[in-house]
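Good morning, and thank you for the time.

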Amino acid sequence: MADIITTPHISGHADHHDVDYLHDGKGLKSWLTTVDHKRIGIMYLWSILFMFFLGGVFAMMIRLELLTPKQTIMSAETYNKVFTLHGAIMVFLFIIPSVPAALANFVLPLMLGAKDVAFPKLNLFSWYIYMAGALIAIAAMVTGGVDTGWTFYTPYSTTTDGSVALMTFAAFVLGFSSILTGVNFVATIHKLRAPGMGWFDMPLFCWGIYATALIQVLATPVLAITLLLLIMERTFGIGIFDPKLGGDPVLFQHFFWFYSHPAVYIMILPGMAIISEIIPTFSQKTIFGYRAIAFSSVAIALVSFIVWGHHMFTSGQSQLASAIFSFITFFVAVPSAIKTFNWIVTMYKGSVAFNAPMLYALSFLLLFGIGGLTGIFLGAVSVDIHLHDTYFVVAHFHYVMMGSTVIAFLGGLHYWWPKMFGRMYNESAAKVACALVFIGFNATFLPQFVLGSRGMPRRYYNYLPEFQFLHQASTVGSWILGLGFLIMAGYLFASLRKKMDAPANPWHSRTLEWQTASPPITHNFHEVPSVGGGPYDYYRPVGQGRNA
Amino acid sequence: MDSIRHWMLGPQGSAYANDVDVLYMFLVWLSVFFFALIVFLTVYFAWKYRRRKEGVLTPNIGHNLALELLWSIVPLIIVMGIFFWGFNDYVRASVAPNDAIEIHVTGKKWLWAFEYPDGTRTIGNLHVPVNRPVKLILTSEDVLHDFYIPSMRQKTDVIPGRFVDLTFTPTVPGRHQVFCAEYCGKSHSDMMANLFVDSPEAYEKWLVEGDPELQTMPPVEVGKLVYENKGCNSCHSIDGSKNTGPSFKGLYGRLEKFTDGSTVTVDDNYIAESINNPQARIVAGYEPVMPTFQGLLRIPEMRGIIAYIKELK
């Protein structure tokens, strides 16, 4: 059991004279017309990171305003626009495309041993659609802004001033980008796996992205229709949602959450998918319960379509509906528990290294634990009635969206950064940043569980003096969090100014994206890789697959 | 234990609030247990099996059926129990007993109005007798609102064009906080109300006489209370700053210009007209958004608000 791993044969090594994808074509035009999934992934990466920065600035403004009750730095109208933009940008322009469109675009074909995605031009087209949606969203911000909250609840959204129609149109456009990416990945996973790679030989990342892509393709059209109806109602006054026009405002909530609940899993499943890669690599250990993790991704995707009513326990829906939705909601807890224990047990008898990606994965286990357990509170109807629309909900979904998905995204970014750019970042700085993000995140959001339990409603500009201490603790936490991100931006940018120094496989992983050079050559591999074993065969020496 | 509960959840106002808190605290301890388990296993495995030597091979442990069944079935049983517990409490609390007092509630931007069985109407203050079930029947005049009484652990969305109801049986006399918990625009966070739980005698007396302080207080102070409790403050400032409506500062005796070009010098009658029929004349530069308060202010309250505005020079 103590054999030394021999250096793997690196296809795309220097004895071939191919240029890497970053240097294959120069100038802006070569990027804007590329159909290389790696370049498109990088373009997505910079786009979403810019949006993450923008949404983050709005988040810091929210926390600063809440330092004191009444006015601190902005008026109530501005505050309402700021929290709306924070939510809309983070959900539609950052988190949803973050892992699939940016990271998976880059690594999914490599992991499958493919040259590219199934439809490379469609892939580029979906980036252009994303950019169009982003520009429309920015246009909506500067031409009056939006103060509806990212949920656009009617009839407030059909009657308030501002660029609501433009902002919903932006979300409508962004939906198509999401759908096309999903279609592309489904086709890629079905058709472009390397010879010998069966479904259960795929890295679990591919399973997670596959489940995500299914939801993107099936649920996003419902959002598109809903937003179109909202735009029609605002623009032409057709009465679908506004009771003054004969409509039903609660119908909007059903439509909206029929998409937006599955969208929660569009956000979390890719995060789980990354964790399923990082933990085996840094434990140098076979993943525990491969099939259980793969099937629980698909199970979560399916169940996600029939739990939307748990966002509406106080909406006036019937008690029977609340009972059914509560009952089904609890089934999500089971696959989540299965995955968590599988990841933890994977470390058992492994060889665990604490590089930055692994620190993010370990943070994920703890933060997802809190996010998942507090979800149980909200699934129980009687407790949810009290906690609904309070800061408890805000804290819960930030633990899932940010504490889990964004932390996993950061883990993935640090994991694949050497592969994407051929450069190592400063590992010590990365550990410091990870620690600050972890501490800052908890300091920001743990107090909000108590705020919400004590009755502090969300989306409040002004609040009772008794809540001030907890709000201030939360605001101070946001500064620590912000500092962590500043340091991260610093060492990541600094690494790009260095000479390329990353080895092909710095983490000694067994999945295929590490079997080509860092950064990879344009066509990914010199020869189509032949897959002889599983992606996590850390129990046998490299190159001794089951067919080798 | 009880101090932890009180710190996390705040005061209780009914027996049902205690039922909710018992489940909540059960979930807290359950979460603490599982979180501690996750932290312990994570830290223990990560540290015990930390990398001591590069390039070692590790045992192939693919899965373990007994272990996997354990961590599938145990959580399933626990969450099913929680489902029945939460749902059972919820249904019990949703059904109003036959002897419940029915009070109608109207939400509008940005105030709460109440109408009692005897026709009494109030804004911002809801009075109920202690130990008697109350059934609120709620609707909205404009957008979605949400009537939330944290101490009763109860809330419901308030929907335009529809009636919903909310039931609670207060057992703790005194003032309880009411919030609007569904985002409704600019003054959403100021759309609060007071729930006063009175003794049965005090409640009956209040229905006849109104707020006791109104009887003895100077009109200016009555006016200040009206300003704060009946929602004037969500649109009218008292420091001269512009808000949804004109500021009250220096209003009395001022020459106001209307959208139709006419003018008036503000006096008692103009203020009364603006309260009872706010759409009659709209001050230039403002939107016609104020709801009518016809019948919602008692005469001492009307006198009070006029006196209060007079004072704000």
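First, conventions. This is a predicted model, in which local features need a pLDDT of at least 70 and side-chain atom pairs count only at pLDDT 80 or more, while totals for chains, interfaces and linings use all residues. Residues are numbered from 1 along each chain as its sequence is written, and chains are lettered from A and ligands numbered from 1 in the order in which they are written.

On confidence, the predictor gives the complex an ipTM of 0.92 and a pTM of 0.89. The mean pLDDT (the predictor's confidence in each residue, from 0 to 100) is 92 for chain A, where 96% of the residues score at least 70. Chain B averages 91, with 99% of its residues at 70 or above. Please note residues 1-16 of chain A, where pLDDT stays under 50. For that stretch the model has 36 contacts beyond four places in sequence; a contact here is a pair of residues whose C-beta atoms, placed from the backbone, lie within 7 Å.

I turn to the interface. In it, 76 residues of chain A are in contact with 72 residues of chain B. Which helix gives the most to the side of chain A that touches chain B? It is H12, residues 356-379, with eight residues. Helices (H or I, at least four residues) and strands (E, at least two) are DSSP runs, numbered from the N terminus. By class, the side of chain A that touches chain B comprises 46 nonpolar, 22 polar and eight charged residues. In this scheme Ala, Val, Leu, Ile, Met, Phe, Trp, Tyr, Cys and Pro count as nonpolar, Asp, Glu, Lys and Arg as charged, and the others, Gly among them, as polar.

Next, the cores. A nonpolar core is a set of buried Ala, Val, Leu, Ile, Met, Phe, Trp, Tyr and Cys residues joined through C-beta atoms within 7 Å. A residue is buried if 20 or more other C-beta atoms lie within 10 Å of its own, exposed if 12 or fewer, and partly exposed in between, with C-beta atoms placed from the backbone. The largest core has 245 residues, and Cys206(A) and Val178(B) touch the most other members. Helix H3 of chain A, residues 76-112, supplies the largest share of this core, 25 residues. Apart from it lies another core, of five residues, including Tyr21(A) and Trp514(A). Beyond four places in sequence, the contacts of Val178(B) include Trp112(B), Phe147(B), Met192(B) and Leu195(B).

Leaving out residues up to four places away in sequence, Tyr265(A) touches Ile215(A), Ile300(A), Ala301(A) and Ser304(A).

Helix H16 of chain A, residues 468-496, has 29 residues. From first C-alpha to last, H16(A) reaches 43 Å, close to the 42 Å expected; the expected span is 1.5 Å times one less than the number of residues. Among the buried residues of H16(A) are Leu470(A), Ser474(A), Leu481(A), Met488(A) and Leu492(A). Their cover includes helix H2 (37-65) and helix H15 (427-453) of chain A.

Chain B is divided into domain 1 (2-42 + 64-94), domain 2 (101-210) and domain 3 (217-311), with bounds from an automatic or database domain assignment. The C-alpha centres of domain 2 and domain 3 of chain B are separated by 24 Å. Their contact takes 13 residues from domain 2 of chain B and eight residues from domain 3 of chain B.

Finally, the backbone. A cis peptide bond, with omega about -5°, joins Ser518(A) and Pro519(A), and Pro519(A) sits in the segment after H16 of chain A. A cis bond also runs from Lys109(B) to Trp110(B), with omega near -5°; Trp110(B) is in the loop between strand S1 (101-108) and S2 of chain B.

Asp389(A), which is not a glycine, has a positive phi of about 60°. Is Asp389(A) buried or exposed? It is buried, because 21 other C-beta atoms lie within 10 Å. Asp389(A) is placed in the loop between helix H13 (381-387) and helix H14 (391-421) of chain A. Arg459(A) likewise has a positive phi, near 60°, and lies in the loop between H15 and H16 of chain A. Arg459(A) counts as buried because it has 20 C-beta neighbours inside 10 Å.

Terms used:
Two residues are in contact if their C-beta atoms, placed from the backbone, lie within 7 Å.
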